[in-house]
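Here is a short briefing to read with the model open beside you. Take a look at the chain, then follow the notes below topic by topic.

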Amino acid sequence: MKFFKRWDEKIGRLPYVGRLWSYRWLGLPAVLALAVLLVSIGGLVHYSESPHFCKSCHIMDPYYKAWKTSKHNFVKCVECHYPPGAPQTLIWKKFQALSQVVKYVTRTYSSKPFAEIPNDSCLRSGCHSTRLLEGRIITERGVKFDHRPHLTEERKGRKLRCVSCHSQIVIGRHVEVTYDTCYLCHFKGMGKGRDLKPLGGCLGCHDLPTKAFQVGNMVYNHKDFVSRRGVSCQNCHLDVVYGEGKATEDRCFTCHNQPEKLARFGDIPFLHENHVTKHNVACFHCHQEIRHSLVAGENVKIANFDEPSPSSGTTVGHPPTLTFDCGYCHLDKHMGQLEMYSGKAASLGLPNMPSPMYLAEVDCIGCHYQKISGGVAEEFKGKTFKASFEACVKCHGPQFRGIMEETQLELETTLSKIAAKQHLVRAGLLSADLPVNERAAMQVLLAKARKWHDFVKYSKGEHNIYLASIALRKTDEALSRVAESAKISADDLSSLPLLNGSFCATMCHAKAGVRVPAPTVRHKGKTMPHLEHTQMLGGCVACHIIGPHKAVIFKGDGVCQGCHPK
């Protein structure tokens with residue numbers, strides 16, 4: 001300290017210029033240090049914009065490799081991930097990048113980093129600035145595509161971005177077309193099998209093949225079938241779409257763990273606005289894959305008639321991949337039986353009344369275990385199993401032997417008589433003198449009666465005798481009402497067990513040893529001759545609501561007052 005003090009006193013006696021010259025040996029290192037610092041910062045900034053700097057973090061290695069082998073390997077990362085704009089935008093992006101470096105150093109980074117690429121980066125001058133002006137182009141897969149409507153208009157209510165279709169990373173590629181997004185948009189919710197109606201139609205994306213194709217020794221041309229004869233593409237190419245593109249909640253956990261965000265899983269507009277529109281998330285990150293492909297069979301050859309010999313075509317594709325799914329033609333088989341068994345027939349105006357065996361989770365094979373022999377033709381006709389009459393005995397004991405035969409006979413008898421009554425009433429209504437409005441109402445009632453009758457007949461009422469009984473009772477009541485309105489003389493079928501509710505007593509309970517109806521019952525402290533009332537009134541439904549198994553509800557004292565006024 002004394003040295004510097006004496007030095008300052010000595011220098012202080014010199015003129016001003018001399019003092020400056022005397023400090024030159026101290027100022028030069030400072031200037032050099034400042035220059036080195038500025039050059040180093042500039043070099044670091046420049047290096048931080050290099051793809052090699054991105055690669056220095058091991059979590060970026062797969063992204064770097066994908067970029068290195070992609071068509072964009074001559075473009076630096078920042079050219080895409082830093083949007084063109086004002087200096088403050090660039091500074092903000094630099095700050096974000098620096099924060100990622102800090103996270104990496106402090107080991108607080110995510111193993112799956114997500115970086116956005118805005119449209120401005122893709123459409124900037126010198127890159128893809130003319131994409132919106134190109135009109136319809138043909139992709140490398142031969143698909144017709146126009147960028148303008150996809151980027152300037154909403155597609156199915158979604159605002160798309162460049163990276164919606166050009167994903168940020170595909171294995172081995174980087175920011176290249178991901179057809180998964182195209183398939184999601186064009187096929188999701190557009191039907192299945194023969195009902196498939198792709199968005200824009202098949203010819204909206206594909207041109208008809210110009211070459212002929214050969215199957216065996218026959219040669220065909222697409223234009224003959226599609227253009228001239230109007231044959232649909234689906235008539236031949238049915239197995240070309242696989243998957244439904246569902247977005248399952250478990251995929252949210254890949255990026256989110258906040259309960260408040262996960263709670264909005266069902267808010268579809270919110271999800272698309274924040275993921276697709278605002279943050280450029282590729283669709284297939286959330287949605288399951290939909291695959292779309294056509295593989296020609298081993299018997300199909302492409303015949304090029306520009307060549308000397310049409311028969312010299314080359315085999316394309318692999319062995320046939322068609323599933324030959326019978327469900328494409330045989331639709332909704334046994335759905336009526338399931339509806340009857342499960343008791344879920346609200347669409348027909350019937351109560352929800354499952355069969356007791358359905359509630360016990362007895363599967364179809366519980367009764368359908370008897371193999372139908374096809375004889376010598378079995379190897380061609382296949383195998384099927386029908387319900388065995390012994391199924392009741394197997395589960396409920398020998399006292400129930402014959403219950404299924406009796407049930408089917410009772411159903412057949414009741415359905416036959418109701419069908420005859422239905423035919424008579426329908427014919428009578430045609431000639432009846434009724435006002436227009438009343439006739440229309442009676443026709444609606446007849447249509448309902450026909451549905452209830454057919455439901456029991458074709459869905460096999462034995463699958464759920466309780467629901468079948470209600471459907472048949474409603475059918476008969478509807479027919480009787482129409483007959484009364486149109487003054488048609490029709491049979492009274494109310495004495496049939498399935499219509500008057502006595503089927504429980506006459507069929508099941510008698511075999512099980514249950515005395516129903518009991519000779520007498522107690523009601524409000526009085527003994528009532530139950531059996532006598534049953535015989536006199538012609539069945540249980542006069543006083544009771546017959547529901548599912550063991551659910552017999554008394555209608556109330558108002559029923560009694562009809563015969564026994566106070």
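In this predicted model, helix α20 meets helix α22 through two sets of residues: Thr407, Leu411, Thr414, Leu415, Ile418, Lys421, Gln422, Val425 and Leu429 on the α20 side, and Ile465, Ala468, Leu472, Thr475, Asp476, Leu479, Ser480, Val482 and Ala483 on the α22 side. The axes of α20 and α22 come within 10 Å and cross at roughly 20°. That angle makes α20 roughly parallel to α22, and the crossing of the two is left-handed.

**How α20 packs with α21**

- Helix α20 covers residues 403-431 and helix α21 covers residues 436-458; their axes come within 11 Å and cross at roughly 160°.
- The pair α20 and α21 is therefore roughly antiparallel.
- Here too the handedness can be read off, with α20 passing α21 in a left-handed crossing.
- On the α20 side, the residues that meet α21 are Leu411, Leu415, Ile418, Ala419, Gln422, Val425, Arg426, Leu429 and Leu430.
- Their partners in α21 are Arg439, Met442, Gln443, Leu446, Ala449, Arg450, His453, Val456 and Lys457.

**Helix α16 and its neighbors**

- Helix α16 runs over residues 335-342, and Met340, Tyr341 and Ser342 in it are buried.
- Those buried residues pack against α17 (356-359), α21 and α22 (465-485).
- With α21, helix α16 packs at an angle of about 95°, the axes being 9 Å apart.
- Helices α16 and α21 are therefore roughly perpendicular to each other.
- The residues that meet there are Gly336, Gln337, Glu339 and Met340 from α16, with Phe455, Val456 and Tyr458 from α21.

**Helix α15**

- Which residues of helix α15 (residues 268-277) are buried? They are His272, Asn274, Val276 and Thr277.
- The buried residues of α15 pack against α10, which spans 162-165.

**Asparagine 500**

- Asparagine 500 sits in helix α23, made up of residues 497-500.
- Is asparagine 500 buried or exposed? Its relative accessible area is 5%, so asparagine 500 is buried.
- The asparagine 500 side chain reaches the backbone oxygen of serine 495 at 3.0 Å.

**Cysteines**

- How many disulfides does a search of the whole structure find? The search finds zero disulfides.
- A disulfide is a covalent bond between the sulfur atoms of two cysteines.
- For cysteine 127, the closest cysteine sulfur is in cysteine 80, and a separation of 6.6 Å is too far for a bond.
- Cysteine 127 counts as partly exposed because its relative accessibility is 41%.
- For cysteine 182, the closest cysteine sulfur is in cysteine 165, at 4.6 Å, which is also too far for a bond, given that the two sulfurs of a disulfide must be within 2.5 Å.

**The chain as a whole**

- The secondary structure of the chain comes to 26 helices and 16 strands.
- Of the 566 residues in the chain, 29% are buried.
- Among contacts between residues at least 6 apart in sequence, 60% join residues at least 24 apart.

How values were computed
Residues numbered from 1 in each chain as written. Predicted model: local features only at pLDDT ≥ 70, side-chain atom pairs only at ≥ 80, totals over all residues. Heavy atoms only, no water. Buried < 20%, exposed > 50% of the residue type's maximum accessible area, 1.4 Å probe, protein only. Helix = DSSP H or I, 4+ residues; strand = E, 2+ residues; numbered from the N terminus. Polar contact = N/O pair within 3.5 Å; in protein donor to acceptor, adjacent residues only side chain to side chain. Axes fitted to C-alpha atoms, helices over the stretch in contact; angles between N-to-C directions. Parallel < 35°, antiparallel > 145°, perpendicular 65-115°, else oblique. Left-handed = near helix turned anticlockwise from the far one by under 90°. Contact = heavy atoms within 4.5 Å.
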